Every structure is written in structure tokens, then in C-alpha cells.
Amino acid sequence: MSNHSAEPSVVRAEDVRVDLGTGPILRGIDLQVPRGQALALLGANGSGKTTLVKALIGLTPLASGRVELFGTDVSARRSVPWPRIGYVPQRVSSSPSMSATAEEVVASGLLTNRRLRPGPGSRRQVRDALAEMGLAERARDSVHLFSGGQQQRVLIARALIRQPDLLVIDEPLSGIDQASKTALAASLRRLHRAGTTIIVVLHELAELRPLIGRAVTLAQGQVVQDGPPPVHQPAEPGHHHPDALPGTVFNGYPVHGPGGRR
Ligand SMILES: Nc1ncnc2c1ncn2[C@@H]1O[C@H](COP(=O)(O)OP(=O)(O)OP(=O)(O)O)[C@@H](O)[C@H]1O
Ligand SMILES: [Mg+2]
């Protein structure tokens, strides 16, 4: 019999507040993510999704509140357990001075505090990771020559090759082609089966729907929904499923007029 209460959550955020610029961006965020969960973070543009995932892994300072990762307080950003985390940021920016090849970038995902150079067998792992993202032919090419979507796929390969305990991935489906989406979904399923906890920022569950066990929706810096993934698309006032009938309620919002949106 397993005793879940004895096992700390992978992520535990308590009353997190983040201020950026002139005001609060996140307020009163409480979030616990148990080990092995695949959680989607949903919400409109500007609702705070990127800010939240960065706050959870110590990349954005908290104004108040507390974040624990694997049972360790990381609010002070000193003790973020980077070797256990794979992170793919939302926007990829490679400068022309970044002349590293795709295989060098992916291999850097294997480095940890204890392992400062890739170990035996790593070359094969790197090749496999690139092939998985459809970039086998480009291994020796410099990433600054890649398209935006290709660069994003290199960074995904770098995060996946770590086989992290926690994978945080910000809008991986935006800007990559259909074949890459399908490949990514398969790779995430494999990691999930191996026990990785996944937090993925999305606008639509789409290809990742079968993986997702929990959906948390943000609006204006606060959690407004938390539970099993929605059957239809995430709630946004005024946006209805095209098939929703006038007079009914869809995603908690009344449907007006013919054809849904008004
Ligand atoms: N460095 C910053 N300084 C000031 N305001 C910021 C900063 N970064 C983000 N914001 C503001 O915080 C809010 C949330 O931004 P965030 O990037 O977290 O949203 P998001 O939900 O990830 O949006 P998107 O779907 O467009 O990626 C926005 O209003 C944004 O303008
Ligand atoms: Mg974002």
C-alpha cells in the first residue's frame, strides 16, 4: 500500500504573489502538483501563465508567498534543483553569435553539476533525441541558421534528453508543424509513463489532450478553474463552442443568440 501523504508534492506554491512593472501580475496562487501528474496551464494572453511557471522554478522573484520544489523551499532562488528540471521557455531567441550545433545544444541537456561532460553513450542519446524531433539530418548544423520552429524543437530535445523529474514546457505546440506536434506528444507520453511530472502551458489541449490529467486556468493572475481537463475548449467569456445552443450554458457561461458568439 502506498502512502501518498508521506511523499512531498513535486511543486507546492502557497499564496504566491508576483509584482512586475507597476502592479501585481500574480495574486494568491496556491498550487500543489503531485509526483507524476501531467498538468496543463491554460488562460488568455497576458493572464500570467509564463510568469507563473517562471516563478515556480525560481526564474522570477516572488513579492510574497512560498514555493517548494521536491520538498525544498526555493523562494529565495538559491536552491533550485536544476539537474532535476527540464525547462523549455515560450520564446526562442538565438543570437547570431550562438554558433553551437544542434547536437552540441542537445548534449548540453545532459550536463549537470556532477557531470560536466557528456558520458559514454551520450552521442547516441543526442542523435536519438534529435531524430525524435525530426532533426536527425541537421545535427551538425549551427542552430542560428535554423527556423524558429526548428530552434524550438532543438530546445525541446535538450529538455527531454535530461529525463527530468519535472518538465516545464511553455506553449510547445505553438509554432511547430503537425509532424513535430505528433512526435512531441509521443515523447511526452513516454516521459510521463517513466514518472516525470509535467507542467505544460497551452492554449488548446489538442494533441496533448490524452496526456493531461488536470487543467488549471488563469485569468488576470489568479486561478479561476482547477480540475479535470475541459471536455471542450477552455472558458473565455463570449466565446462559445460553435455547436452550443442559445439558452444553454457552455463552460459556465450562458450562450446568447444564434450560433454562440455575440
Ligand atoms: N517583465 C515584465 N514587466 C512588466 N510586466 C510584465 C513583465 N512580464 C510580463 N508582464 C505582464 O504580466 C502579464 C502576464 O504576462 P505573461 O507573459 O505571464 O502572460 P501569459 O499568460 O504567458 O501570456 P501569453 O499567452 O501571451 O504567453 C502581462 O500583462 C504582461 O504584460
Ligand atoms: Mg506566455
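Helix H4, which covers residues 148-161, has 14 residues and reaches 20 Å from its first C-alpha to its last, close to the 20 Å expected at 1.5 Å a residue, where the expected span is 1.5 Å times one less than the number of residues. This is a predicted model, in which local features need pLDDT of at least 70 and side-chain atom pairs count only at pLDDT 80 or more, while totals for chains, interfaces and linings use all residues. Residues are numbered from 1 along each chain as its sequence is written, chains are lettered from A and ligands numbered from 1 in the order in which they are written, and side-chain values use heavy atoms, with hydrogens and water left out. Helices (H or I, at least four residues) and strands (E, at least two) are DSSP runs numbered from the N terminus.

H4 lies across E6 and E7 and runs at about 170 degrees to E6; axes are lines fitted to C-alpha atoms, for helices over the stretch in contact, and angles run from 0 to 180 degrees between N-to-C directions. After H4 comes glutamine 163, which has a positive phi near 45 degrees.

**The sheet**

An open sheet with mixed pairing is formed by 6 strands in the order E6-E7-E8-E3-E9-E10, and its edge strands are E6 and strand E10 (222-227), each of which pairs on one side only. From one strand to the next the twist averages 15 degrees.

| Strand pair | Sense | Bridges | A bridge partner pair |
|---|---|---|---|
| E6 and E7 | parallel | 4 bridges | glycine 86 and leucine 167 |
| E7 and E8 | parallel | 5 bridges | leucine 167 and isoleucine 198 |

Together, E7, H5 and E8 make a right-handed β-α-β unit; right-handed here means that, with the strands pointing away from the viewer, the path from the first strand over the helix to the second runs clockwise.

**The magnesium site and helix H1**

Which residues coordinate the magnesium ion (ligand 2)? The donors are Thr50 (OG1) and Gln90 (OE1), at 2.0 to 2.1 Å, where donors are N, O and S atoms within 2.8 Å of the metal (3.2 Å for Na, K and Ca), and sites may look incomplete because water is not among the atoms. Threonine 50 lies in helix H1 (residues 49-56) and glutamine 90 in the loop between E6 and H2, so the pair ties together parts that are 40 residues apart in sequence. Threonine 50 is partly exposed at 24% relative accessibility, and glutamine 90 is partly exposed with a relative accessible area of 21%. H1 itself is mostly covered, with 6 of its 8 residues buried, including Lys49, Leu52 and Leu56. Just after H1, glycine 58 has a positive phi of about 80 degrees.

Terms used:
Buried means under 20% relative accessible area, exposed over 50%, partly exposed in between (1.4 Å probe, protein chains only). Two strands pair if DSSP finds at least two bridges between them. Contact means heavy atoms within 4.5 Å.
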